[in-house]
Amino acid sequence: MNTVLRIQEILATRGLTLHRLSQQSSAVFGRSSLFYVPHNLYHRLSHSSFQPAIHQVLAFSHISGYLLSDWLAVFGFDLGAITRVQLLVPRQRTTVLDSTVYDMFGWVSWFAERPQDKSRSSIAPLGQFVRWGTPCRSRDLLTPGPSRFVYARVGEDDLYAQPQFVPGSVVRADATRAGEFVLNEDSVSGDRFFLVEHRSGWACSRLIAVANDRVLLLCPQRPCVERELRLGKDVRVLGVIDAEIRPVGRCATERQPACSRLPNADLGRCGRAPTSLRELLVRSRTRVGLPYREASSISQLIAKMLSDRLYFAAPGTLSDYEALDTPPRHIQKILTICILYGIGFDVFLRACGLPLDRAGHDPMPDQLVQRRTPNRNGALQPAKDESSHQSNGFLSSLLKEWEEVPLFLKSSLDVIAGIKKMTLSDVFWVAGSELSDPLLKNDALAVVNRRAKRPQAFDPAAARRLPLYLLLKRDGCYVCSRCSLDRDILRIHSYAGGGKEPQQFRNGVDAEIVGEVTAIARLL
């Protein structure tokens with residue numbers, strides 16, 4: 001169904017036609033307003049290069065009563081793709097992610113409990129504990145009320161985060177624990193890392209109090225970058241980092257950035273909300289550390305990813321948006337700016353002065369907005385006897401520990417793990433095996449690339465950076481550790497301080513390689 005026919009059907013459910021909607025937009029907003037919807041919009045939409053402005057889409061939402069995100073989807077814009085593309089774009093600095101779930105009525109593939117044996121292996125496929133169940137709406141999986149968690153992606157130059165976190169890791173900070181750092185002389189955060197906001201951006205760092213109102217961002221590996229800041233003025237603690245989704249393996253190489261201090265950009269008092277679109281753009285671009293030319297180059301990559309040249313923004317165009325203090329004409333440009341500068345879509349629209357409180361609140365019928373249920377392709381069939389609500393099952397225990405499902409990442413996990421078309425068979429539960437790496441000392445979920453079965457030869461100089469592999473021994477037990485292959489011998493390497501002698505197995509005889517671990521989700 002083309003866009004014009006779909007709009008006609010959607011308006012008909014509200015007893016509207018385009019002519020009547022055009023008249024109402026003129027009466028409500030004014031004919032000379034940017035919100036005015038012309039009566040010949042269908043003719044304009046017949047040209048593939050035309051797209052309505054965000055003001056006009058908001059008018060559709062207000063008059064019809066349907067959600068703004070649903071109308072954007074009708075016109076071909078998926079707000080859920082913002083996070084996915086953000087994770088594909090290289091970042092030098094740590095960036096706070098937009099964790100908003102824009103499609104609250106979208107369908108999500110979900111799970112049901114499997115009956116459990118009393119004896120549980122320390123490492124096992126996730127499919128032993130859960131199975132595909134009946135899909136459910138996003139809103140049914142979210143905790144009611146505002147989220148207390150803040151999510152960020154660790155940048156390549158965040159020296160304060162290393163070596164605890166690696167570039168590309170998605171970390172979660174609990175905002176309710178921001179006050180755990182008690183400001184006393186000689187007070188140190190210990191092993192806890194905090195997500196902090198400073199005038200020039202964000203960082204994941206341990207903290208030490210040096211005075212009543214001053215705090216030091218601690219970096220024992222690089223003392224040259226340690227900086228003393230004033231709490232509430234130069235720096236704000238956003239929360240304690242309590243979880244991480246970490247890319248590992250060969251794709252997550254450790255880079256040694258140059259020793260540099262935080263830039264001394266004067267962006268006003270830390271934490272103060274911007275009062276205009278211009279201030280929002282200037283502050284956000286400076287915090288992510290993107291000059292116009294570099295931002296334009298990345299926008300070209302975004303345009304290629306999304307197969308639409310309108311996502312490209314020239315350096316002069318990006319400069320004009322800040323100078324003129326007016327929103328872009330094309331919605332593609334708005335999404336590009338949100339991706340580049342790490343701005344939430346709703347935050348951007350409010351900075352433009354758009355009255356989001358006048359947007360509709362009702363979801364469109366699934367068939368009209370093409371909101372598909374995951375089991376329609378036959379890959380996921382509802383379980384006949386659902387047991388997903390067992391209070392003591394594996395799934396319920398896991399959800400209780402994590403407290404929140406990061407649904408905004410549902411279409412981005414393959415990006416973090418580097419595996420296309422991930423399945424349930426690629427995920428394993430690791431519960432602190434004695435041979436496991438320190439990354440797995442706590443209970444964790446590990447994503448395994450079952451197509452990568454060839455460890456590299458052992459190099460003493462690079463032993464710490466050997467990839468993690470999952471091995472299946474002949475007794476049916478799994479081993480998850482760093483290993484190398486010497487002819488037909490698999491050598492298991494103990495980590496520093498592990499206190500274990502290196503073990504070895506005959507490849508294909510004593511043990512076989514299941515695959516390389518490419519991502520880990522763990523609580524800290």
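The structure holds two cavities of 30 Å³ or more. A cavity here is a set of points on a 1 Å grid, over the protein atoms alone, where a 1.4 Å probe fits but cannot get out. Volume is the space filled by probe spheres set on those points, which are joined across faces, edges and corners.

This is a predicted model: local features need pLDDT of at least 70, side-chain atom pairs count only at pLDDT 80 or more, and totals for chains, interfaces and linings use all residues. Residues are numbered from 1 along each chain as its sequence is written, and side-chain values use heavy atoms, with hydrogens and water left out.

**Stop 1: a cavity**

Go to the second largest cavity, with a volume of about 60 Å³. Select its lining (residues with an atom within 4 Å of a point): Tyr 151, Val 170, Val 171, Arg 172, Ala 243, Glu 244, Ile 245, Trp 402, Glu 404 and Pro 406. Now colour by strand. Strands E8 (170-174) and E13 (235-247) each supply at least two residues of this lining. Strands are DSSP runs of E with at least two residues, helices are runs of H or I with at least four, and both are numbered from the N terminus.

Which classes make up the lining of the second largest cavity? Seven residues are nonpolar, three are charged and none is polar. Nonpolar covers Ala, Val, Leu, Ile, Met, Phe, Trp, Tyr, Cys and Pro; charged covers Asp, Glu, Lys and Arg; the others, Gly among them, are polar.

**Stop 2: aromatic rings**

A search of the whole structure finds twelve aromatic pairs. One of them is Tyr 102 with Phe 345, edge-to-face, at 6.3 Å centre to centre and 85° between the planes. This pair links distant parts of the chain, 243 residues apart. Tyr 102 sits in the loop between strand E1 (95-96) and strand E2 (107-108), while Phe 345 belongs to helix H12 (residues 345-351). Both residues are buried.

Next, select Trp 110 and Phe 111. They form a tilted pair, 5.2 Å centre to centre with 50° between the planes. Trp 110 and Phe 111 are buried too. The ring rule takes Phe, Tyr and Trp (its six-membered ring) with centres within 6.5 Å; planes under 30 degrees apart are stacked, over 60 edge-to-face, and the rest tilted. Buried means under 20% relative accessible area, exposed over 50%, and partly exposed in between (1.4 Å probe, protein chains only).

Then pick Phe 60, Trp 71 and Phe 75, which form one aromatic cluster.

**Stop 3: charges over rings**

Arg 285 lies over the face of Tyr 292, 4.1 Å from the ring centre. The charged end of Arg 287 sits over the ring of Trp 202, 5.6 Å from its centre. The test asks for NZ of Lys or CZ of Arg within 6 Å of the ring centre and within 35 degrees of the ring normal.

**Stop 4: the backbone**

Select Gln 162 and Pro 163. A cis peptide bond joins them, with omega about 0°. Pro 163 is in the loop between strand E7 (149-153) and E8.

Ser 307 has phi near 55°, positive in a residue other than glycine. Ser 307 lies between helix H9 (292-305) and helix H10 (315-324), in the loop.

Arg 487 has phi near 60°, and its loop runs between strand E17 (478-486) and strand E18 (489-493).

**Stop 5: Gln 332**

Finish in helix H11 (residues 331-341), at Gln 332. Buried or exposed? Gln 332 counts as buried because its relative accessibility is 2%. Leaving aside neighbours within four places in sequence, Gln 332 is in contact (heavy atoms within 4.5 Å) with Gln 51, Phe 77, Asp 308, Leu 310 and Tyr 311.

How values were computed
On a 1 Å grid over the protein atoms alone, a cavity is a set of points where a 1.4 Å probe fits but cannot get out, and a pocket is an open set with protein on both sides within 12 Å along at least five of seven lines; lining residues have an atom within 4 Å of a point.
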